[in-house]
Amino acid sequence: MSWLPVSAARKAPVGSTVTVKGWVRTRRDSKADGGLSFIALHDGSCFDPIQVVAKADLPNYATEVARLTTHCAIEADGEIVQNPKGGNEIAASAVRVLGLVDDPDHYPIQPKPHTMEYLREVAHLRVRTNTFGAVARVRHCLSMAVHRFFHERGFFWVHTPIITASDCEGAGQMFRVSTLDMVNPPRQSPQGPIDYAQDFFGKEAHLTVSGQLNVETYCCALTNVYTFGPTFRAENSNTSRHLAEFWMIEPEIAFADLAADATLAEEFIKYLIKTVLTERADDMKFFDERIEKGLLARLQHVLDTPFRRLSYTEAIAVLERAIAGGKKFEFPVKWGADLQSEHERFLTEEHFKQPVVLMNYPKQIKAFYMRLNEPGTDSAPGDTVAAMDVLVPGIGEIIGGSQREERLDRLDARIAEMGLPAENYGWYRDLRRYGTVPHAGFGLGFERLMLFVTGMQNIRDVIPFPRAPKQAEF
RNA sequence: UCCCCGAUAGCUCAAUGGUAGAGCGAGCGGCUGUUAACCGCUAGGUUCUAGGUUCGAGUCCUAGUCGGGGAGCCA
């Protein structure tokens, strides 16, 4: 008798005998046919459970089967039979209890609707629910699709370091990594600053906030590369779109400009959506019905429509026209200022109603490594850099990227202009000294992609064990 | 970090400053090839924490903790 995952048992030929193992979702009893119980059993292999029908003549029926409650662990042998209302079910010849649920009245997960906030408090058990099982399967599916997309295009996956002693990443507050005694750290003088020369790495070290600078080195040797790994930001961000530990995908392409970067981003997102719609149709149907009505239509619209590309300068004009037409914003719209969330939402959700790629931002609001555009690009009233943000309805910014400054003199000028310590950028500058090439890349927040694809509302519910300010349980 | 809101049974929520309740879930029983099952009965409470006001606080005040929505930072 062969052990099959529930997904396979649901498709097994009628008449075959199988064993299934998993956790009880619900048990319903009937007095018909001398008494029987219907057990909905799931093992995570697919969205739908399989129904195990256990009759009262089983030797352990009264003592065990009739006492099964939600999430008891069992294995069942039986014959695949046709359910009167369609689909496979298992006529059990044996049901073995592997693990009962202690004190079902207080078991945290009950066969009833729970709030996401509550389930977050029982993250070790929430994955047994419909919603979090579906999230876990979609997350896996998207992860594999990320690698397949790049692999099929000849990209190499580069394992950039998690720990970094480079202070030039500059993308946000960092978590310190240290083996020094925090209570009594070594100091350069009795009351002086902490002596990090005595620390593990001989200097200050942190968890990475981005693999970009490191991956640029591999890009300038392997041409097309990407990173996909954990990323850490110590910002005190308390929102439904931020985590302290999240996963980021950062492709970097050589001999490429910003337009090629935007094309890659669009093809990437569409590939991922297409894959998940095909491979996880069961879970996606659930999200469409129970999490966000109209999700599937929304994603199909994204697939069918080219992303709307426009310059930052044009976007400002669009927003100014909207204001002239009576649209009210809390924050002013002005060329040279960063767009507020409300502005981005207006563009992607109300005005264009599709993903939008904004390009060529004022240089003063963007990072030092972004390539300076020729004066007058997009008829902009000031200097711009070749940066892009991809905005999507419901989430806002899902991708941030740029063409990198490959010209050493311009890069040095920017580093000086922004008051950054030039000595920290030695190896990064070397890339511009030795065989420099135009190159570009972007960062995609994996959990934001998950929100976009599943319709889930809070980023803490699309990662197994979320880390956020005051939140590191489990 | 800022603004607003909230915390009462396992869960979701009620309760004029005056005896803490309901629905769901759970247990027991009934009914039924059931599938968001249905009907009846029963059990279930340190009202987030620490102070304060009051004859009396779930309710009012102060502080804190945690959660939610929005903003900022960003992915």
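**A pocket and an RNA surface**

Good morning. I begin with the second largest pocket, which is lined by 23 residues, with Thr129, Asn130, Thr131, Phe286 and Arg290 nearest its centre. This is a predicted model, where local features need pLDDT of at least 70 and side-chain atom pairs pLDDT 80 or more, while totals for chains, interfaces and linings use all residues. Residues are numbered from 1 along each chain as its sequence is written, chains are lettered from A and ligands numbered from 1 in the order written, and side-chain values use heavy atoms, without hydrogens and water.

A pocket is an open set of points on a 1 Å grid over the protein atoms alone, where a 1.4 Å probe fits, with protein on both sides within 12 Å along at least five of seven lines; lining residues have an atom within 4 Å of a point. Among the elements giving two or more residues to this lining are helix H2 (116-120) and helix H7 (281-291). H7 provides the largest share, 5 residues. Helices are DSSP runs (H or I) of at least four residues, and strands (E) of at least two, numbered from the N terminus.

I now turn to RNA strand B.

Finally, the bases. A base nitrogen of RNA strand B lies 2.4 Å from a polar side-chain atom of glutamate 89, and a base nitrogen lies 2.9 Å from a polar backbone atom of leucine 243. Thank you.

Note on methods
Polar contact = N/O pair within 3.5 Å; in protein donor to acceptor, adjacent residues only side chain to side chain.
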